[in-house]
Amino acid sequence: HRAAIATALLVIAVAAAFLVDGWSLKPGIFEPIGSGTVPNGVAVIVIALGLGVLWEAVRGLRREGDAAEAQGERWLRPAAAFAWTIVYAFVLSTGAVRYQWATLVYLPVTVLILAERPRKAVPWAAAIGIVLAFGLDYLFRRVLVTDLP
């Protein structure tokens, strides 16, 4: 639970930094959404989810006390997902792979890393990857007209 608390606090801090930076973006003249709306909206959602994780982790810490032995190696999957996210962000920042193709690989692999039963998660992971990779690419390139790597 301590790792979940630390991770939630880190995620909340990073999202808050994005939120503060997003407020400085000028709204678009003809755009109903504007350039700062999407990053600010995502940051608010991430902060809300981080607060939910923080709440559950604090409640679990109170309930179970310090059960380090019971947790065993449960930290490996979140650590692997975190490392995989860093690889994904690095690949996007280099421009070596387009957004939709990198996301098509990233999302299913992340779901499978975090899944309790990976075999049962394969269809859902594939569906999430396909829909979000191509759907978000279409949304940002055609509807919101935002540059993506």
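Predicted model: local features only at pLDDT ≥ 70, side-chain atom pairs only at ≥ 80, totals over all residues.
Figure 1. Phe134 is found in helix α6. The structure holds three aromatic pairs. A pair of aromatic rings is described by the distance of the centres and the angle of the planes. For Trp101 and Phe134 the centres are 5.3 Å apart and the planes stand at 85°, an edge-to-face pair. Trp101 belongs to helix α5 and Phe134 to helix α6 (residues 118–143), so the pair links distant parts of the chain, 33 residues apart. Trp101 is also partly exposed, at 45% relative accessibility.

**Figure 2. A nonpolar surface patch that includes Trp101 and Phe134.** The members of this patch on the surface are Val97, Trp101, Ile130 and Phe134. Together the four residues have about 360 Å² of accessible area.

**Figure 3. The stacked pair Trp84 and Tyr106.** Among the three aromatic pairs is that of Trp84 and Tyr106, with ring centres 6.4 Å apart. The planes of Trp84 and Tyr106 meet at 20°, so the pair is stacked; the cut-off for stacking is under 30 degrees. Trp84 lies in helix α4 (residues 76–94) and Tyr106 in helix α5 (residues 99–114). The pair therefore ties together parts that are 22 residues apart in sequence. Trp84 is partly exposed, with a relative accessible area of 25%, whereas Tyr106 is buried, at 11%. Trp84 and Tyr106 form one aromatic cluster with Tyr88.

Figure 4. Helix α4 has 19 residues and reaches 27 Å from its first C-alpha to its last. This is close to the 27 Å expected at 1.5 Å a residue. Ala81, Tyr88 and Leu92 are the buried residues of α4. Around the axis they cover an arc of only 30°, which puts them on the same side of α4. Phe82, Phe90 and Ser93 are exposed on the other side of α4. Tyr88, one of the buried residues of α4, is also part of the aromatic cluster with Trp84 and Tyr106.

**Figure 5. Helix α1, seen down its axis.** Helix α1 (residues 2–23) has 22 residues, which should span 32 Å at 1.5 Å a residue. Its end C-alpha atoms are 32 Å apart, which agrees. Ile5, Ala8, Ile12, Ala15, Leu19 and Gly22 are buried in α1. Seen down the axis, the buried residues of α1 fall within an arc of 110°, so they line one face of the helix. The face of α1 turned away from the buried side carries the exposed residues Arg2, Ala3, Phe18, Val20 and Asp21.

**Figure 6. Leu19 and Pro39.** Leu19 has its place in helix α1. Leu19 is buried, with a relative accessible area of 13%. In sequence Leu19 and Pro39 are 20 residues apart. In space their C-alpha atoms are 7.2 Å apart.

**Figure 7. The salt bridge of Glu56 and Arg59.** The count of salt bridges comes to one. Glu56 forms a salt bridge with Arg59, and the closest N and O atoms are 3.3 Å apart. This distance of 3.3 Å meets the cut-off, within 4 Å. Glu56 and Arg59 are three residues apart in helix α2 (residues 37–64), which means that they are separated by about one helical turn. Glu56 is partly exposed, with a relative accessible area of 40%. Arg59 counts as partly exposed too, at 35% relative accessibility.

**Figure 8. Ala121 and Val111.** Helix α6 is the place of Ala121. At 11% relative accessibility, Ala121 counts as buried. Ala121 and Val111 are ten residues apart in sequence. Their C-alpha atoms are 7.4 Å apart in space.

**Figure 9. The whole protein, for orientation.** The secondary structure comes to six helices and zero strands. Along the sequence the pattern is α-α-α-α-α-α. The protein has 149 residues, of which 23% count as buried.

Note on methods
Residues numbered from 1 in each chain as written. Heavy atoms only, no water. Helix = DSSP H or I, 4+ residues; strand = E, 2+ residues; numbered from the N terminus. Expected span 1.5 Å × (residues − 1). Buried < 20%, exposed > 50% of the residue type's maximum accessible area, 1.4 Å probe, protein only. Arc of directions from axis to C-beta. Phe/Tyr/Trp six-rings, centres within 6.5 Å; stacked < 30°, edge-to-face > 60°. Patch = residues over 30% accessible without salt bridge, like charges linked within 9 Å, V, L, I, M, F, W, Y side chains within 5 Å. Areas by Shrake-Rupley, 256 points an atom, 1.4 Å probe, with all protein chains shown as cover. Salt bridge = Lys/Arg side-chain N within 4 Å of Asp/Glu carboxyl O.
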